[in-house]
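Take a look at it first, then read on for the points to check by eye.

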Amino acid sequence: MSGAVMNGAAENGAGLLEVSGLTVRLPAGNVLRDIGLSIGPGEALGLVGESGSGKSMTAKAIARLLPPGAVASGSVTFDGRRVFDLPAADLRRYRSEVAMIFQDPRAHINPVRRIGDFMTEALRSQGVAAREATRRACDMLDQVGIADAGRRLRQYPHELSGGMLQRVMIGAALLTRPRLLLADEPTTALDVTTQAEVMAILDELRRSQGLSLLFITHDLELAAAICDRTAVMYAGQIVEARSSDRLHDDPLHPYTAALTAARPDIDRTRTRLRTIPGRPLSAFEAPSSGCAFAARCPHAADACRSSAVPLTELDGGATRCVRAAELRGNLEVADA
Amino acid sequence: MTAVTIRSFAAIRRPAGGRLAGIGAAGIISAAVIAVAALAAVFGPLIAPFNTTVPDTTLQFVGPGGGHLLGFDVEGRDVLSRLLAGAQSSMAGPLAVVVISLALGIALAVTSAWKRGAVDAGVSAGLDILFAFPGILLAVLATAVFGPGLTAASVALAIAYVPYVARVLRGAALKERSQPYVAALEVQGLSGPAICVKHIVPNMMSLVVAQATIMFGWAMVDLAAISFLGLGVQAPAPNWGVMISENAVGLQEGYPLPTLAAGACVVIVVIAFNVLGERLLSRAAQS
C-alpha cells in the first residue's frame, strides 16, 4: 500500500486532508517519495526531519505551490476534492480554506505595503467591505497579542520585530477562517522566548477555532507538545508516524531513535554530544531500492538494502523499517 | 562590515530629499531642465509673445533684436515664439509613445513572467520578431498607410519600442514573481491578475520610471526625425523637428541660428532625459 499514516479518522475515510503516494520530481531527482498522511478535522500532525528531508516540499505540494519544473504524482485530497485537479477558480477557493504560515515572515510579506493592507487583502478579495475587513484585522491583532492594533495596521513590515511580524502572519492566515493550517517552521527564525509566545498563541487559536494543523519543525519536543501525532521524514520519505506521546519513548524506526538519542538532555552534563554517523542524505541521493537510512543505521541488515521498504502498521503507528518488530524495545533511546 | 550595515540601512530608509534623493547634481539639473520643458509644453502656446504661424517674408532670417531674442525664421516668424509653441507637440509625441509602449510592455512582461513556460516562450519569440523592425521604419510605414501626422507615427513608434520595454521588465517581473511574498499571496487565495496588478507591477515601478525616462529621450529624437522628414507634425504647425527641417536652408545661406536653436532644444531635452534616466536606473539597481 502507499501508506497513509493511520489514525482513527483516516480509517473511516473521513480525514480532512488525505495525502497518498505523493511523489514529487524535480529536474535534479525525486525530492518526495511516496508520502502518505492524513489529518482529521481539528487534528494536529507534526512533520519533523532534518533540513532537506522534504518537509517544506510536502507542505508546498499540499498548497500546490511547487516550484516550476516540479512534477507531482499521487493524490492530495482535501474534504473529498482532488487538489491537483482543481481548476483555477476552485484552487483559489481551496486556498482560502487552507492557510499557510512561513518560516521567514519578513520575506513573505510585501515590504512596501502596510500591515493593514497585508492582513485585509484576502478578505477584501472575498468581497468583505474595507471597513469590516479592517475591524476584523484589528480584532485579530488583539487575539495574537499585538497591542495598539490601529497603529500597527498603518505601519510597514520593517517597523515590526520578527516575532511581531510572525504573529501578524498567523493572524492574517486565520482571518479568512481556514479549516487547515500549514505551518512551515513558524518559529525557527525567532529567538527562543519569542518562539514560546508565538507557539502558545498559535496553539490556543488553533484549538479555539477547531483548526486542523500540519506543523513542520525540526524540534521533536515542540512537535510532541503541539501535535496529536508526529511523522518523521528522512530523505523525502515518511519513515515513521506515531502518536506524539509514544514517539519519544517507544520509537519504531532506528532513525527516530537515533534522533531522540542525539538530543542533548538539560538534566545531564556531557563532554560529547551524541550524533548519528554519516551525513543526512538529500532526497534525490537516496538509493532507489532499499532503506534510505541503511547506510547510517547501526541495525542495518542485508534485507534492508535489497528492496524498497513499505510503510507498515505496527501497534497504532506506522514505520518504514523491515526489522521494526524485532528491534522494538532494543533501539537506543536517550542514555539510560 | 560597517559599510554593509550602513548601506542596508540606506536601502530601508530613504534619505531626506524624497524622490530626487540619490540621483546626484547632474540628475537634479536634468530634472530641472525637464521641468522647464514640461512647463513650456503646457503653457508655451499661451506665453509665446508673437504669432507663430503667419508668415512675413520681409522679415526672413532677420537676426535677433527689438524684443525678438532669437530673430526670425525662414518665413519671417519669431523663432522664440515658435520654439515655445512647438514644445507642445515635441513633448506630447514622445509622451504618447512612452505611455503606450509601457502599457503594452508591462502587460506582456508580467503575463509572461507569471505564466512562464509556453506563454513566456511565445511572447519572447513575438518580441524577437518585432525587434527586427527599426522604430523609424515602422513609423514611416504607418504614415504611408494612415497619412502623415503625429498620431500614426507615435503609435507605430510605440509598438516598435514594446520589445525594449518588455525585455527589461520581464526580467524584473520574473525576479519579483519568485519572491516568497508572492507565494504567500497565492496561498491566501488571491488570483494571479490581482497579485500582478497590486503587488508585482507596483514593486517594479522604480525600474519602470527609469526605463520610461530613457525611452522618452529616444522617442523625442525619433519623432523629431520623422517630423524633419515631413511625415510627422505638418508645417506650418510649430514643432522642433519641423523647425530644424524648414530652417536648414539657412545653414547654407549664413543664417544658422533658427535651425540650430530648434536642434539645441531637442539635444538638451534628450540629454536631460538620458542623464536622469540613467541616474534613476542606477538608483533602482541599488535598492
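Pro94(B) sits in helix α3 (residues 79-115) of chain B; helices here are DSSP runs of H or I with at least four residues, strands are E runs of at least two, and both are numbered from the N terminus. Keep in mind that this is a predicted model, where local features need pLDDT of at least 70 and side-chain atom pairs count only at pLDDT 80 or more, while totals for chains, interfaces and linings use all residues. Residues are numbered from 1 along each chain as its sequence is written, and chains are lettered from A and ligands numbered from 1 in the order in which they are written.

**Around Pro94(B)**

- Pro94(B) counts as buried because 25 other C-beta atoms lie within 10 Å. The cut-offs are 20 or more other C-beta atoms within 10 Å for buried, 12 or fewer for exposed, and partly exposed in between, with C-beta atoms placed from the backbone.
- Skip the neighbours within four places in sequence, and Pro94(B) is in contact with Phe216(B), Ala219(B), Met220(B) and Leu223(B). Contact means that the two C-beta atoms, placed from the backbone, lie within 7 Å.
- Gly217(B) is 123 residues away from Pro94(B) along the chain, yet their C-alpha atoms are separated by 7.7 Å.

**Chain B overall**

- What does the secondary structure of chain B come to? It's 12 helices and 0 strands.
- Chain B has 287 residues, and 45% of them count as buried.
- Along the principal axes, the C-alpha atoms of chain B fill a box of roughly 75 × 50 × 30 Å.
- Take the contacts in chain B with a separation of 6 or more: 68% of them join residues 24 or more positions apart.

**The nonpolar core**

- The largest nonpolar core has 179 residues, and those with the most contacts inside it are Leu182(A), Leu214(A), Phe215(A), Ala153(B), Leu157(B) and Leu169(B). Such a core is a set of buried Ala, Val, Leu, Ile, Met, Phe, Trp, Tyr and Cys residues joined through C-beta atoms within 7 Å.
- Helix α9 (residues 205-228) of chain B gives this core its largest share, 15 residues.
- Leaving out residues up to four places away in sequence, Ala153(B) touches Ala139(B), Ala142(B), Thr143(B), Leu223(B), Ile226(B), Leu231(B) and Gly232(B).
- As background, nonpolar side chains tend to be buried together in soluble globular proteins.

**Helix α6(B) against α9(B)**

- Helix α6 (residues 150-177) of chain B and α9(B) have axes that come within 11 Å and cross at roughly 155°. Axes are lines fitted to C-alpha atoms, for helices over the stretch in contact, and angles run from 0 to 180 degrees between N-to-C directions.
- That angle is why α6(B) is roughly antiparallel to α9(B). Under 35 degrees counts as roughly parallel, over 145 as roughly antiparallel, 65 to 115 as roughly perpendicular, and the rest as oblique.
- Among the residues making the contact are Ala153(B), Leu157(B) and Leu169(B) of α6(B), along with Ala219(B), Leu223(B) and Ile226(B) of α9(B).
- The residues of this contact divide into 13 nonpolar, 2 polar and 1 charged. Ala, Val, Leu, Ile, Met, Phe, Trp, Tyr, Cys and Pro count as nonpolar, Asp, Glu, Lys and Arg as charged, and the others, Gly among them, as polar.

**Helix α2(B) against α12(B)**

- The axes of α2 (residues 24-47) and α12 (residues 257-286) of chain B come within 8 Å and cross at roughly 135°, so α2(B) is oblique to α12(B).
- α2(B) passes α12(B) in a left-handed crossing.
- The contact includes Gly24(B), Gly27(B) and Ala31(B) of α2(B), and Ala272(B), Phe273(B) and Arg279(B) of α12(B).
- Its residues divide into 11 nonpolar, 3 polar and 1 charged.

**Loops of chain A**

- Asp148(A) isn't a glycine, but has a positive phi of about 60°. This residue lies in the loop between α5 (130-143) and α6 (149-153) of chain A, and is exposed, with 10 other C-beta atoms within 10 Å.
- Asp315(A), also not a glycine, has a positive phi of about 50°. With 13 other C-beta atoms within 10 Å, Asp315(A) is partly exposed.

How values were computed
A crossing is left-handed if the near helix is turned anticlockwise from the far one by less than a right angle, and right-handed if clockwise.
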